[in-house]
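Please read them with the sequence and the structure open beside you.

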Number of protein chains: 4
Amino acid sequence: MQLGMVGLGRMGANIVRRLMRDGHECVVYDVNPDAVSTLADEGAVASTDFADMAAKLEAPRAVWLMIPAGLTGAVVDEVAEALEPGDIIIDGGNSNYKDDVRRAAKLKDRGIHYVDAGTSGGVFGLERGYCLMVGGPDEAFARIEPVLRTIAPGAGDIDRTPGRSGDHAPEELGYLHCGPSGSGHFVKMVHNGIEYGIMAALAEGLNILANADAGVREAEHSAEIAPLEEPEFYQFDIDTPKVAELWRRGSVISSWLLDLTAAALEENHTLDGLAGRVSDSGEGRWTVKAAVDVGVPAPVLASALFERFASRGEDHYANQLLSAMRLQFGGHKELPAGDVLEAGSRKADSE
Amino acid sequence: MQLGMVGLGRMGANIVRRLMRDGHECVVYDVNPDAVSTLADEGAVASTDFADMAAKLEAPRAVWLMIPAGLTGAVVDEVAEALEPGDIIIDGGNSNYKDDVRRAAKLKDRGIHYVDAGTSGGVFGLERGYCLMVGGPDEAFARIEPVLRTIAPGAGDIDRTPGRSGDHAPEELGYLHCGPSGSGHFVKMVHNGIEYGIMAALAEGLNILANADAGVREAEHSAEIAPLEEPEFYQFDIDTPKVAELWRRGSVISSWLLDLTAAALEENHTLDGLAGRVSDSGEGRWTVKAAVDVGVPAPVLASALFERFASRGEDHYANQLLSAMRLQFGGHKELPAGDVLEAGSRKADSE
Amino acid sequence: MQLGMVGLGRMGANIVRRLMRDGHECVVYDVNPDAVSTLADEGAVASTDFADMAAKLEAPRAVWLMIPAGLTGAVVDEVAEALEPGDIIIDGGNSNYKDDVRRAAKLKDRGIHYVDAGTSGGVFGLERGYCLMVGGPDEAFARIEPVLRTIAPGAGDIDRTPGRSGDHAPEELGYLHCGPSGSGHFVKMVHNGIEYGIMAALAEGLNILANADAGVREAEHSAEIAPLEEPEFYQFDIDTPKVAELWRRGSVISSWLLDLTAAALEENHTLDGLAGRVSDSGEGRWTVKAAVDVGVPAPVLASALFERFASRGEDHYANQLLSAMRLQFGGHKELPAGDVLEAGSRKADSE
Amino acid sequence: MQLGMVGLGRMGANIVRRLMRDGHECVVYDVNPDAVSTLADEGAVASTDFADMAAKLEAPRAVWLMIPAGLTGAVVDEVAEALEPGDIIIDGGNSNYKDDVRRAAKLKDRGIHYVDAGTSGGVFGLERGYCLMVGGPDEAFARIEPVLRTIAPGAGDIDRTPGRSGDHAPEELGYLHCGPSGSGHFVKMVHNGIEYGIMAALAEGLNILANADAGVREAEHSAEIAPLEEPEFYQFDIDTPKVAELWRRGSVISSWLLDLTAAALEENHTLDGLAGRVSDSGEGRWTVKAAVDVGVPAPVLASALFERFASRGEDHYANQLLSAMRLQFGGHKELPAGDVLEAGSRKADSE
């Protein structure tokens, strides 16, 4: 089928390539003309603006936006100007699902369908396909299903879940109609919230392994610092890059994020040059807020998010306050940076 | 090579089968004679006690224990009685690594090598192979490497980590010499700690999805209960079994635990009959205690553990105390069980 | 000065009494005429509706609302109808500060000042005074300062903070102008978030004490269940009501919430009859959402909130999922309710 | 009565002073002769070693140790050498209760009673008295009760808990016999665990207040960074020192730790010069490990502990891993230190 693609960054361009490879016709647009001409050279139809794109697509049209979330609102409005009742706008970016709900309501008044397509797959998507979580009206979903099927990974060689048989259901092919507009990004949001949790679980565990020699380092401490409770049990020098690789084989925690961890550690055994200031892209925050709204406990997802905040020093004032309180009640001075852990150093001061 | 196997439960028996299939010779023992004769029928050498097993193995011997952790200490002692200097005892069960450290020291005095082999793979191991995390002296590891190689999954069809080339390293074949005695179970312990975290991340996220209709249910509430802040954003009826299946295809969180989740939800869409009292087998606890000992933050792993405790009602007294405090300061009565959420019900009482 | 009071529930009525006791004149209204006549008998001026109240107050007027948060929006609109430019509406309830921001903007167009007064003190406020966190325009704050001063606890016999001298600042008297409209409830919101954290810290700690006999109970377990790692260290039968009382005297954690805990435990040593289904009144949720918005780590406040959700069973589906996964990978059956902890029960199954 | 005091640091010396003031006779010892002579000048009986101290005390003797926990084991042994059956050793320091259990068993063989006295009160104890949590044999507790009564704060002017009447119980006077040896330090340990939780709750909450202007700062961000979801709600410039002072008056969270926070913020409004590297003295760790052992959820206490670890950079390797994973799956580069929050910066990359 025909699809308009707005936004030819890494993901947008790769989706266009994947679509063309499977016989779809793509009319493409980007603010950067070079991005347009590159894809035109590969077989796409170039367009110069949204009106041009609309003219080059047969009604009823479908236009996919693959642009930064901060721009989506404005671009949806502009694209809608160029479209007609019955056309479909698909937001494939990382919008907040609440914006989808609002935009869908607005476009509905004009007869335009709004579909939100949460997309996971990272830089590997061209090859691997993108997992698609789709929200929107039944009719619109049905109409764009051919492109969704192409963009999605397909059944691949993944073992079929026991109990499933016959034709593959859409979810087995890597796309799913999750419900009305907004539900696609809602599911994608929670997906990313889970991702934060899994990443944190791996990172915390490997950090414990990396410190399994605490009993050895402890021995080097000065006399004023009492030892670990049982230093004899923390004498291991664990090779975390090898462990990450090992766990990829047959262990219960084998996962794509573990694959990436192993790759990262293979590439840079000691992680030199990484400051450990971890960004977050919004979905983890929205997930925690959604959990709070619906009253579901999510301590793991929240902890994973808060660890990222703390990695960027956002805990600084709180920590200063803790030090200040300790100074008040016990005259406890702060250790200078770089000094050893004080855990074992128990003064006869009471707290 | 030859291996003695003590303990022919599901895992022990499957390991024996996997070994025999690959040409190794197994002398087997279990307290249950039927388990022994079953395997003898399949080609193993039966033995009637540890002395008999020792007699049927050529020195230097290697005996693998695959028994409940609670029994390991006593059985190690008994087996050691039947062995000679230079022989090897391998504990393939779920021992606390601290016990390994102690046992290895004790056996060293008698010239017997102690190897701990943390084993992951669950009921799928016969077919899939077991991921092996091994601690012990270099010499002992080298001697038993042939059986480790057989028990492990091998390279399989898993994509090779970028940057790795040439012959497969042991960790790429699914087994690793992690360090001295105890280090194998230490790495396995942390593996399971991570597993708890990943499981919790998936469970929390899917619980949020399952409650994405809170705004709908809210509407049914009685007049005394104020609505959600923004019920219009929680109107989704998400099919969690389909979502779990979907995420297996190309998403960032694809993982074996997600495969199991999809399988569980396919088998029992509504999870009927499950009480949600989640057990823990010790490793998650030991991991958190190790994190505390070495001073590494592990809020995700700890939260995952505490959620299991709470699932069994171990938070009950704490919750009663919270209700009791609320009664004191604000005269807040507890809602009867089964009543609606009170989140929106804001009295003009101050807290 | 004169003040109109709308809402004569426990808190509204007590504030009126406190004001009259200090010489202020109160014009009162409630939907329940009995509540009005009770206070009229005590010296207040009764009013029959907002117009009547407005007529009985000299301009510029100040009207305090002490009503359930769910009603505040509508009542503010109605009261505003009866008021004139230059008048002040004070919301003393538990509104979400975002609503304050919105309401203040709306009323500003009509020349009416909106003041939000977060109020803490619980049922003890009549006697003890209410801690007041106030947001609103400077001019309005200055005008109502006399009533704030009366409602607040005053300096009392609390030790003065070292470094402070001279006349008492407002914050030493128990009221504070926190900033523009909304800031009062924002500070109150965070206050309650902290309250949740403190309550949870006390409850978790006392729960540990209540289980300090785990090593004794463990001994009664059946043979299949392995013991605690070190049961000899968990043989204490701690009297938690006495401990709570003890800590009130000179300990670092002495606090009003501890006083309440001691009172609750004195009243009901075993907390019989409490189901431990802990409600939350909104502020804890808003606090966590605000922390997420501004990017500040708040794992303690979030954990405290999530424990309340879990106390009401909102973790159920997540726990069922965990049990379902465990069934998948290891064939682990759930323990029936009421059965002993399984922590020590380590099967030779791998996870 | 007579008491030997070993260790004349701040707390030991103050306890001696408090005892002498109440008519008790103290025989004192310290490795530092100046500390001894200072107290001798104030009326204490100096002693030159443990034998000398024993000679100067009438049997049955009671000797209180107020020394760093790291030294307690050795000093208990030495003191015991100088004592006789029927004598009592009291450890008033911050020992791990497990050491108490072990020491008590050892001394019991020699007929010497071991009492552990967990002591809270900080530098204010001389004036305020120390809250005493005592473990040990009934007979020993009864014998030393007179000194405990003096060291403890007494009933003071704290409101009596409703329901209590008649003579004050020991816990109302500030000391309690918690159970056998070890139980005193166990209760003290949990007390400190709670303390960590309360401190963290206050620190997190005040950190949120300190960032209530995030919406203002956000506006200064560069164009590439998308804004907060609702910056209009984060426009407050909250004066945290004033808020801390305010909450001391009549609020639900009034507490001694809040008093200290207010004092710290009054002394140093901006907390300049504090690095925010927060030490921990052991009890918080032991509390979390005890919670894990007995199977009680303690997410708040654990989070408070982990925040301290993170404040010292112990999360660094974990954070590097998270950055490394993000680089792998999305090509996300780390922001340079000092750059703005990236929360709003949502690229069209999928995660």
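1. How many aromatic pairs does the structure hold over all chains? The structure holds 36 of them over all chains, where rings of Phe, Tyr and Trp (its six-membered ring) pair if their centres lie within 6.5 Å, and planes under 30 degrees apart count as stacked, over 60 as edge-to-face and the rest as tilted. One of these pairs joins A:Tyr97 and B:Phe236, whose ring centres are 6.0 Å apart with the planes at 65 degrees, so the pair is edge-to-face. It crosses between chains, running from A:Tyr97 in helix α5 (residues 97-108) of chain A to B:Phe236 in the loop between α10 (214-219) and α11 (240-247) of chain B; helices here are DSSP runs of H or I with at least four residues, numbered from the N terminus.

2. Before going further, please note that this is a predicted model, in which local features need pLDDT of at least 70 and side-chain atom pairs count only at pLDDT 80 or more, while totals for chains, interfaces and linings use all residues. Residues are numbered from 1 along each chain as its sequence is written, chains are lettered from A and ligands numbered from 1 in the order in which they are written, and side-chain values use heavy atoms, with hydrogens and water left out.

3. Both partners of that pair are buried (under 20% relative accessible area, with a 1.4 Å probe and protein chains only), A:Tyr97 at 1% relative accessibility and B:Phe236 at 3%. The ring of B:Phe236 also pairs with that of A:Phe186, the centres being 5.5 Å apart and the planes at 55 degrees, so this pair is tilted. Here too the pair crosses between chains, with A:Phe186 in helix α9 (residues 183-210) of chain A, and A:Phe186 is likewise buried. Together with B:Phe233 and B:Tyr234, the residues A:Tyr97, A:Phe186 and B:Phe236 form one aromatic cluster.

4. The charged end of A:Arg128 is over the ring of A:Trp256, 3.9 Å from its centre, and C:Arg308 lies over the face of C:Tyr196, at 3.7 Å from the ring centre.

5. A:Glu172, in helix α8 (residues 170-173) of chain A, is buried, with a relative accessible area of 1%. Leaving aside neighbours within four places in sequence, its contacts (heavy atoms within 4.5 Å) include A:Arg160, A:Arg164, B:Glu245 and B:Arg249.

6. B:Val288 belongs to helix α13 (residues 283-294) of chain B and is buried, with a relative accessible area of 1%. Beyond its neighbours within four places in sequence, B:Val288 is in contact with B:Leu301, B:Ala302 and B:Leu305, and also with D:Val288 and D:Val292.

7. Between chains C and D, 96 residues of chain C are in contact with 94 residues of chain D. The buried area (accessible area, 1.4 Å probe, that two parts lose on being put together, summed over both) is about 8000 Å², with carbon and sulfur atoms giving 69%.

8. The count between chain C and chain D is 6 salt bridges, each a side-chain nitrogen of Lys or Arg within 4 Å of a carboxyl oxygen of Asp or Glu. The side chains of C:Lys98 and D:Glu230 meet in a salt bridge at 2.9 Å, N to O.

Conventions:
Helix = DSSP H or I, 4+ residues; strand = E, 2+ residues; numbered from the N terminus. Buried < 20%, exposed > 50% of the residue type's maximum accessible area, 1.4 Å probe, protein only. Lys NZ or Arg CZ within 6 Å of the ring centre and 35° of its normal.
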